[in-house]
Amino acid sequence: MIRLAIQKSGRLHEKSLSLLRDCGIDVQNGRDKLKVEVSNFPIEILYLRNSDIPQYIEDGVADIGIIGENLVYEKSDNLEIIKRLGFSKCRVSLAIPKEASVDSLSYFNSKKIATSYPNTLRRFLSENNITADIHHISGSVEIAPNIGLADGICDIVSTGNTLYQNGLREYEVILQSEAVLVKAPTLESYKADILEAFLFRIQAILNAKNKKYVLMNVPNVKIQDVSEILPVLKSPTIMPLAKDGWSSLHSVINENKFWEVIGELKDAGAEDILIIPIDKMVA
Ligand code: PRP
């Protein structure tokens, strides 16, 4: 049995659960329980406060966890990031009142900056030779300049809406972040085996992300032209149609690239193009 810590609530909670379900792990909705056992995979889920997760893993209460990369940077030098999960992307940024005129980072010298990320901010300021007064507050950081508590803030920005609503603007990105799977510094070997099986499933999901299965009908004489345009991952599958002189061409493609070439494909003779989502992909 391996113990996985995920957020009890917060921006990563739903997506962490959804990743587990996509992995075929049958997690019962356990918001009111702190520990949930799973019947079809040797994993136990701990629902914990976001900011406590790194410490629980370092202390060996949990073996692995899903947290924001920003929290690893802020709270722990000991956790190992084993997989970037590609969701809950955000950044930790310095922000200032909209009307403040700032032409360089030296503006922050001797200023008060409110933040929930004091270590991250301290490192950034030190790397940039800025000496500022750091006010550590644990939530609602964006309100600090409005109530005269600080000249600027350092906090998570995702859509930028909270900054906007509070009359602030993003000035400098300190750190880019996304959800990551982290592990304890040491793991017993049977747990390492379970982790490997878990990672295998996660990788199959990540592989399928942004990939689509594509099918199209192509006159046989145009197969070569169409195949050269199609941004396929590997060689396409070609199957004859009942209609003489035509084939169905199947492949897996990167969706973004596909949109760039769809016009060319049609011009080259592709017809009846179907694009189908892929659930999992084992390379
Ligand atoms: C974070 C952060 C901001 C907000 C920014 O809070 O503290 O308040 O998100 O997001 P936006 O740019 O999309 O408006 P979160 O809801 O994660 O909770 P927290 O206060 O616990 O950090």
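Visitor: Is S177 buried or exposed?

Guide: This is a predicted model, and in it S177 has a relative accessibility of 6%. Buried means under 20% relative accessible area. Because its value is 6%, S177 counts as buried.

Visitor: Which residue has the backbone nitrogen that the side chain of S177 reaches?

Guide: S177 belongs to strand β10, which covers residues 168-177. From there, its side chain reaches a backbone nitrogen at 3.3 Å, and the residue that carries this nitrogen is E69.

Visitor: Where does T131 lie, and is it buried or exposed?

Guide: T131 lies in the loop between α4 (118-127) and β8 (133-136). Exposed means over 50% relative accessible area. Because its relative accessibility is 59%, T131 counts as exposed.

Visitor: What distance separates the C-alpha atoms of T131 and K112?

Guide: Along the chain, T131 and K112 are 19 residues apart.

Visitor: Which class of accessibility does E264 fall into?

Guide: E264 is found in helix α8, residues 255-268, and its C-alpha atom is separated by 9.9 Å from that of D225, 39 residues apart along the chain. Because its relative accessibility is 46%, E264 counts as partly exposed.

Visitor: Turning to the ligand, which element gives the most to the shell around it?

Guide: The residues around the ligand are R11, E142, D155, I156, V157, S158, T159, G160, N161 and T162. Two elements, β9 (152-157) and α5 (161-165), each supply at least two residues of this shell. With three residues, the element that gives the most is β9.

Visitor: How many residues of the shell around the ligand are charged?

Guide: By class, the shell has two nonpolar residues and five polar ones, while the number of charged residues is three.

Visitor: What percentage of the ligand's accessible area does the protein cover?

Guide: In the side chain of R11, an N or O atom is 2.4 Å from an oxygen atom of the ligand, and the side chain of T162 likewise has an N or O atom 2.4 Å from a ligand oxygen. A polar side-chain atom of D155 lies 2.8 Å from an oxygen atom of the ligand. Of the 500 Å² of accessible area that the ligand has on its own, the protein covers 61%.

Visitor: Which pocket is the space taken by the ligand?

Guide: The residues around the ligand include R11, D155 and T162. As for the space that the ligand takes, it is the largest pocket.

Definitions and conventions:
Residues numbered from 1 in each chain as written. Predicted model: local features only at pLDDT ≥ 70, side-chain atom pairs only at ≥ 80, totals over all residues. Heavy atoms only, no water. Near = heavy atom within 4 Å. Polar contact = N/O pair within 3.5 Å; in protein donor to acceptor, adjacent residues only side chain to side chain. Areas by Shrake-Rupley, 256 points an atom, 1.4 Å probe, with all protein chains shown as cover. 1 Å grid on protein atoms, 1.4 Å probe; cavity = no way out; pocket = protein on both sides within 12 Å on 5 of 7 lines; lining within 4 Å. Sits in = over half its atoms within 2 Å of the grid points. Helix = DSSP H or I, 4+ residues; strand = E, 2+ residues; numbered from the N terminus. Nonpolar A, V, L, I, M, F, W, Y, C, P; charged D, E, K, R; others polar. Buried < 20%, exposed > 50% of the residue type's maximum accessible area, 1.4 Å probe, protein only.
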